[in-house]
Amino acid sequence: NNEFTSTVTPTSTGSSVGIRDVSVLALAQLTGRLGANTGIKAIAGTTLSLYPEDLSTGTGSIWLQALGGNITTLGTLTTSTGDITVAASGTLTVIHAITSTNTTAAGDINLSGDTSLTISNSKAVTTDGTGTINLTSSSGNVAMSSGTSLNSDAGAITILANDSVELAVASSVSGNITVTATTGSVSDVLA
């Protein structure tokens, strides 16, 4: 098990690169250090600290996970066909756009914050083609602020919260949209 004492800079031009820390994982700038289609998997034992940059991995997937803490996006996350997963055992705060762009084979977008999941700052989560969008909070709320949106083409959009869901815009051209608040309520922040 790794325990890095300073910022970590993964570098690869292969299909993917992975890094894991038993406690806090602080990533340095990845732009220019990954190939155009190199995926990244970064897992922190506690909090995952991201570098403030827009990250694009082409056909490579993005997997960012905090097993015992929080994650806040500090830049856009984009793939063409790769999946995007951002998962926090605490709070996940999305304040930048998250997009998978391939019109026929875009990747799935999976966002989870066990304590809470918040999308704010007028940002969109978008996938094209058959890519799906899944938002989950296993013990708390999913909250979208006014001006935010979830957008898919043929893929389903699924929102599941143990407590309540505050919904802004969820739009799918031909996919199903499912919103579940297990013990709470679903409210429209635009109402």
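The lining of the largest cavity comprises eight nonpolar, three polar and one charged residues; Ala, Val, Leu, Ile, Met, Phe, Trp, Tyr, Cys and Pro count as nonpolar, Asp, Glu, Lys and Arg as charged, and the others, Gly among them, as polar. The lining residues are Leu27, Leu30, Leu50, Tyr51, Glu53, Leu55, Leu64, Thr73, Leu74, Gly75, Thr76 and Leu77. A cavity is a set of points, on a 1 Å grid over the protein atoms alone, where a 1.4 Å probe fits but cannot get out, and lining residues have an atom within 4 Å of a point.

The space in the largest cavity is about 100 Å³, where a volume is the space filled by probe spheres set on the grid points, themselves joined across faces, edges and corners.

## Basis of the model

The model is predicted: local features need pLDDT of at least 70 and side-chain atom pairs count only at pLDDT 80 or more, while totals for chains, interfaces and linings use all residues. Residues are numbered from 1 along each chain as its sequence is written, and side-chain values use heavy atoms, with hydrogens and water left out.

## Overall dimensions

The protein chain has zero helices and 22 strands. Both are DSSP runs numbered from the N terminus, helices being H or I of at least four residues and strands E of at least two.

The C-alpha trace of the protein chain spans about 45 × 35 × 25 Å along its principal axes. A compact globule of 191 residues would have a radius of gyration near 16 Å, and the protein chain agrees with this at 16 Å; the radius is taken over C-alpha atoms, and the globule rule is 2.2 Å times the number of residues to the power 0.38.

## Sheet from strand 7 to strand 22

Six strands in the order 7-10-13-16-19-22 make an open sheet with parallel pairing. At its edges lie strand 7 (71-72) and strand 22 (186-188), each pairing on one side only. Two strands pair if DSSP finds at least two bridges between them.

Strand 7 pairs in parallel with strand 10 (residues 91-94) over two bridges, and isoleucine 71 has leucine 92 of strand 10 as its bridge partner. Strand 10 is joined in turn to strand 13 (residues 116-119) by four parallel bridges, with leucine 92 opposite leucine 117. Four bridges also link strand 13 with strand 16 (residues 141-144) in the parallel sense; there, serine 116 is partnered by asparagine 141.

## Sheet from strand 5 to strand 20

Another open sheet of six strands has the order 5-8-11-14-17-20, again with parallel pairing. Strand 5 (55-56) and strand 20 (169-172) are the edge strands, and each pairs on one side only.

Strand 5 runs parallel to strand 8 (residues 77-79), joined to it by two bridges. Leucine 55 is opposite leucine 77 of strand 8, and both Leu55 and Leu77 line the largest cavity.

## Ring contacts

The charged end of lysine 41 is placed over the ring of tryptophan 63, 4.6 Å from the ring centre. This contact requires NZ of Lys or CZ of Arg within 6 Å of the ring centre and within 35 degrees of the ring normal.

How values were computed. 1 Å grid on protein atoms, 1.4 Å probe; cavity = no way out; pocket = protein on both sides within 12 Å on 5 of 7 lines; lining within 4 Å.
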